[in-house]
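I opened this structure to note what a first look turns up. The entries below follow the order in which I looked things up.

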Amino acid sequence: MSVLAPDEATRPTESPASAEGPPLSEAELAERQLLGKPMPTDRLRGWLVAGFFALVGGFIRLQNLGYPTDKGAPVFDEKHYAPQAWEMLRNGGYEDNPAYELTVHPPLSKQLIAAGEWLFGYNGWGWRFTAALVGALMILLIVRIARRLTRSTLLGAVAGVLLICDGLSHVQSRMAMLDIYLAFFVLLAFGCLLLDRDQMRTRLATAVREGWADESLFGPRLGFRWWRFAAGVSLGLACGSKWSGIFFVAAFGLMTVIWDATARRSAGVARPWLGTLVRDVLPALWALLLVPILVYLATWWSWFASETAIDRHLAEAAGHDGWYDVFPTALRSLWQYSGNVLNFHENLSTPVKDQHPWESKPWTWPMGLRPMLYHYNGSTVGCGEDRCVSATMLIGTPAMWWLALPMLAWGLWRMFGRLDWRYAAVVVAYLTGLLPWFTNLDRQMYFFYATPMAAFLVLGLVLVLGQILGGAREGRERRGTGLLVVALYLGLVVANFVWLWPVLNADSITEGHWQAELWLPSWR
């Protein structure tokens, strides 16, 4: 099995003809530059590896899923979303609870929570089941995405191990909260855009090979791009889960347009940037802006179909005199309702004298310096001593999260210094989950907002591990040393995850063990 370093995956392959025969033509060089290294040929093994890690991760996520609860009730922010999901199940998909201040997110995630409650009832298993399922699917996605980024099935498997052992992803996959659904749809959109990039370059390579890539100054038309359309659908579902999905709509849209321009340049198009503007921007706006808007509106289907949903007739009751008067009253009601929700979020500030004990600001998230305590019971039994502790704490596995800043620094160097598109894609996605939160630092914020960042931290670490491992053309001793380093690091991550396991899953432990789990003063 060939393992490629990230930069090696973009390097054109050398053929015997180029070394011993006549030099390659410009068209042949362009085609090789477009396609880069091919995907591994072990397609069946690639899927088996991804499926295996998804099953292992799913088993781990589902272990004792119904525990803990607060005397049978949800814990922490589950207290908002599990009852709202149950209400949706009762009503047929919408909320009519007059407790308006608690209904401040789109419906999709809560409808997915409701699906689990429909299967298992109003209990821990019910309101957490779909989160665990989505968490397992993210492991499947990360293996496939890392394999495509690195052209290595082995590094895809490494990504699966890292995501399984990430404490933040593990805990969020076992909570009836919204962020894991947002993270899933964002990761799905990212994977679709990678497939679209490869497909577009394959079409351009065909045009180069057949001699019609440069018939126009703008380059060829590339036809309908189904994977980009699928990315738009995924981004719409992300926004239907939580509004912060809109940040990824903007970032991924810009990223794919830049990919289009660089691909046209590699194909020898005379005016690649103008060609992208003429050929690609409008279809990209349709696929990655209009489609997400339409999908987002579609997630409100039950709200539109109802008569008693929250603020369903707000425009009629409150009146309207805005620019949107031309739209149906249902859309105007949703617009006004959304404006009220936006106002709620903008003014959700931290009281000076009543700060939440586990609040954190975004500069602490990359290294997980301020985790969250979701559940604590200091009077349990079963640890072998008179006083036992049972706690669920949201902690990003330090063996991974404490490397976030070095990974980011190296990724930025590769992005700007070496023009490595793989690092650029991962860094852009990672920073999209982080930087927007700096725009309103007075707002209440918590570490679980970093949930979408976890998968891209994993991908960034995998790219670095790929370089440590070495490319297929490296010497045997060099590859052996790299493999040893990667294996030792994976062992460290797994050991760190095992150590954290009791406080990720609310196992009963002694007071001394509980104190030993709190590594930093900011964790207390």
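How much space lies in the largest pocket? I found about 1600 Å³ there. This is a predicted model, where local features need pLDDT of at least 70, side-chain atom pairs count only at pLDDT 80 or more, and totals for chains, interfaces and linings use all residues. Residues are numbered from 1 along each chain as its sequence is written, and side-chain values use heavy atoms, with hydrogens and water left out.

Terms for the pocket: on a 1 Å grid over the protein atoms alone, a pocket is an open set of points where a 1.4 Å probe fits, with protein on both sides within 12 Å along at least five of seven lines, and lining residues have an atom within 4 Å of a point. Grid points are joined across faces, edges and corners, and the volume is the space filled by probe spheres set on the points.

Entry: pocket lining. I noted 47 lining residues, with Val104, Trp243, Ser244, Leu342 and His345 nearest the centre of the pocket. Two or more residues each come from helix 4 (78-91), helix 11 (245-266), helix 13 (281-298) and helix 16 (329-346). Helices (H or I, at least four residues) and strands (E, at least two) are DSSP runs, numbered from the N terminus. Helix 16 gives the largest share of the lining, 10 residues. I sorted the lining into 30 nonpolar, 10 polar and 7 charged residues. Here Ala, Val, Leu, Ile, Met, Phe, Trp, Tyr, Cys and Pro count as nonpolar, Asp, Glu, Lys and Arg as charged, and the others, Gly among them, as polar.

Entry: nonpolar cores. A nonpolar core is a set of buried Ala, Val, Leu, Ile, Met, Phe, Trp, Tyr and Cys residues joined through side-chain atoms within 4.5 Å. Buried means under 20% relative accessible area, exposed over 50%, partly exposed in between (1.4 Å probe, protein chains only). Which members of the largest core touch the most others? Among its 132 residues they are Leu162, Phe190, Phe252 and Phe456. Helix 9 supplies the largest share of this core, 13 residues. Apart from it I found another core of 12 residues, including Met200 and Leu204.

I then followed Phe190. Leaving out residues up to four places away in sequence, Phe190 touches Ile145, Phe252, Met255, Ala425, Val426, Ala429, Phe456 and Leu459; contact means heavy atoms within 4.5 Å.

Entry: Thr510 sits in strand 3 (residues 508-510) and is buried at 18%. Not counting residues up to four places away in sequence, I listed Cys383, Glu385 and Arg387 as contacts of Thr510.

Entry: Trp402. I found Trp402 in the loop between helix 17 (398-401) and helix 18 (404-417). Trp402 is partly exposed, with a relative accessible area of 30%. Its C-alpha is 7.5 Å from that of Pro366, 36 residues apart along the chain.

Entry: backbone. Most residues other than glycine have a negative phi, and most peptide bonds are trans. I noted a cis peptide bond between Tyr67 and Pro68, with omega about 5°. Asn64 is not a glycine, yet has a positive phi of about 50°. Leu419 is not a glycine either, and has a positive phi of about 55°. Leu419 is exposed, with a relative accessible area of 69%.
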